[in-house]
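User: I am new to this structure. Please walk me through how to read it.

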Amino acid sequence: MTCSCASLHHSICASKAVSEVILQRYLDIMTLRACGFIIFRRLARRPSPDSIEYLLLQTSYGEHHWTPPKGHVDPGEDDLTTAWRETREEAGLGEENLRVVDGFLQRLHYQVRGKEKEVLYWLAELRDPSIKVKLSDEHRDYRWAELEEACRLAKYTDLQDTLKNVQRFLEKAEKKH
């Protein structure tokens, strides 16, 4: 009897593990995933909240909402590679233009047309504040904006909260130096 109970227990555990793998694969398929950068530039030598501006791009589709550069993960592509590819495609900015800021990664979760969507944002500083943005056809305008204006443009609460988190993160980092 002990043998069959152990065997049954093993079968249940194996079945549960397989179910978890199937569920995760289903969620991966059903979840839209996008990655990008919150890009900022400093206008003054000595950082202050008023000297930081954030890059927002206005979409050329739908409600023409404002968002940082981001896009969907291609099959086989890792998240950070997606963020770099999308930023180059949408804003014409690459690794030679940006410096990734260590210690910041924001995950957003929301629904789009009934499907779960996850967006990962890293933080990147524009190395040369005078570099021009080169928009793709996916966007019709861009703007460098201080926090208050960026939050007004962003509209969505989770993106507004992300921008405020970035501002606090940068201010806290500045106080350490």
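Analyst: We go feature by feature, starting with the ground rules.
This is a predicted model, where local features need pLDDT of at least 70, side-chain atom pairs count only at pLDDT 80 or more, and totals for chains, interfaces and linings use all residues. Residues are numbered from 1 along each chain as its sequence is written, and side-chain values use heavy atoms, with hydrogens and water left out.

User: How many helices and strands does the chain have, and what pattern do they follow?
Analyst: Helices (H or I, at least four residues) and strands (E, at least two) are DSSP runs, numbered from the N terminus. Here there are 4 helices and 7 strands. Their order along the sequence is α-β-β-β-β-α-β-β-β-α-α.

User: What share of the residues is buried?
Analyst: Buried means under 20% relative accessible area, exposed over 50%, and partly exposed in between (1.4 Å probe, protein chains only). Of the 177 residues in the chain, 40% are buried. The accessible surface is about 10900 Å², with 53% of it on carbon and sulfur atoms. Such areas come from the Shrake-Rupley method with a 1.4 Å probe; for residues, only the protein chains shown count as cover.

User: What do contacts in the chain join?
Analyst: Contact means heavy atoms within 4.5 Å. Take the contacts between residues at least 6 apart in sequence: 68% of them join residues at least 24 apart.

User: How far does helix 4 reach?
Analyst: The expected span of a helix is 1.5 Å times one less than its number of residues. Helix 4 (residues 157–176) has 20 residues. From first C-alpha to last it reaches 29 Å, close to the 28 Å expected.

User: Which residues of helix 4 are buried?
Analyst: They are Leu159, Gln160, Thr162, Leu163, Val166, Gln167 and Leu170. These residues cover an arc of only 160° around the axis, so they sit on the same side of helix 4. The arc is that of the directions from the helix axis to the C-beta atoms. On the other side, Thr157, Lys172, Lys175 and Lys176 are exposed.

User: What do the buried residues of helix 4 pack against?
Analyst: Their partners include strand 1 (32–42), strand 2 (52–59), strand 5 (98–112), strand 6 (115–126) and helix 3 (147–154).

User: How many salt bridges does the structure hold?
Analyst: A salt bridge is a side-chain nitrogen of Lys or Arg within 4 Å of a carboxyl oxygen of Asp or Glu. The structure holds 12. One of them joins Glu53 and Arg41 (2.7 Å, N to O). Glu53 is in strand 2 and Arg41 in strand 1, 12 residues apart. Glu53 and Arg41 are both buried.

User: Where do Arg99 and Glu125 lie?
Analyst: Their side chains also meet in a salt bridge (2.7 Å, N to O). Arg99 is in strand 5 and Glu125 in strand 6, so the pair ties together parts 26 residues apart in sequence. Arg99 is partly exposed at 37% relative accessibility, while Glu125 is buried at 13%.

User: What is the nearest side chain of opposite charge to Glu90?
Analyst: Lys and Arg count as positive and Asp and Glu as negative; His and the chain ends are not counted. For Glu90 the nearest is Lys70, 6.7 Å away. Glu90 is buried yet has no salt bridge. This residue is found in helix 2 (residues 79–91).
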